[in-house]
Amino acid sequence: MIKECKNRHNQKIVFELSGDLSSDNLVFIVHGLGGSKDQKHIQTISKAFVEAGFKAVAVDTTTGFGDSEGDTINVSATSYLQDLEDVVSFARTQDWFREPFVVAGHSLGGIATLLYANNHPEQVKGIFPMSTVVSGKLWRSGKSEAKFDEWEAQGYFLKVSKSMPGRSGKIGYGLARDLDKIDSLEFAPDIKCPALLIVGSEDPGTTPAMHEMLFAKLGGPKELHLIDKMGHDPTLQTELDELTQLIVSWAKKL
């Protein structure tokens, strides 16, 4: 079912709530840059958690390509984190809310889950950052500095969605400035809850090597899985099926 609430800036946040509302297990899911709750891999993540006995809340951030109010020009890891915090705050007023809960996210949504778990450890019983940004420094390392210079000079770049035809938006340079201040490797040892890391073996931007660095630093029970030949997003049905199996297996252990 589609629901909505307001964030701290009085913008409408739209989210999808699915699963058995009487379940004591709850997960919040955040999409990646220029994404939405309706992307196939986000829907797959949500359905996998529901299969494992969870209620799932798939969030459209206010700086994504989904149904929430807001503008992509203002996107940052911090904006993603704040929207997640604000949806959780609203959920607390609902009879389906349970704590502790799992936080899950893809790419930029992944680092938002890491930040959330670090800032609110008492609320989180598990994290699933998939194909996650690990740090601003590492995120920059695989890209041309000339591209960053061009992005900074113009103030934005135009992102066109591959998974959602017809959707596009201007990505403000504030994203780069924000990520430059964030390094999950610094606080990962303080994250003691169970963690599931999944990344494609051919992911060019948030590489397996970056995930191995994060895996080594995380302070609690942890799993790292590579999906063979997958890029940044799972697109083939075989990749989505493997993703489902990995999530269900891990979530049931919680």
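**Notebook: an aromatic cluster and a helix pair**

I looked up Phe148 first: at 2% relative accessibility it counts as buried (under 20% relative accessible area, 1.4 Å probe, protein chains only). This is a predicted model, where local features need pLDDT of at least 70, side-chain atom pairs count only at pLDDT 80 or more, and totals for chains, interfaces and linings use all residues. Residues are numbered from 1 along each chain as its sequence is written, and side-chain values use heavy atoms, without hydrogens and water.

Next, the ring partners of Phe148. I paired rings of Phe, Tyr and Trp (its six-membered ring) with centres within 6.5 Å.

I then checked the cluster. Ring pairs link Trp139, Phe148, Trp151, Phe157 and Tyr173. Trp139 is buried, at 12% relative accessibility.

Last, I turned to H2 (residues 77-91) and H3 (residues 108-119). They pack at about 60°, axes 9 Å apart; axes are lines fitted to C-alpha atoms over the stretch in contact, with angles from 0 to 180 degrees between N-to-C directions. I listed the contacts (heavy atoms within 4.5 Å). From H2, Ala77, Tyr80, Leu81, Leu84, Glu85 and Val88 meet Leu108, Gly109, Ile111, Ala112, Leu115, Tyr116 and Asn119 of H3.

Technical notes
Helix = DSSP H or I, 4+ residues; strand = E, 2+ residues; numbered from the N terminus. Buried < 20%, exposed > 50% of the residue type's maximum accessible area, 1.4 Å probe, protein only. Phe/Tyr/Trp six-rings, centres within 6.5 Å; stacked < 30°, edge-to-face > 60°.
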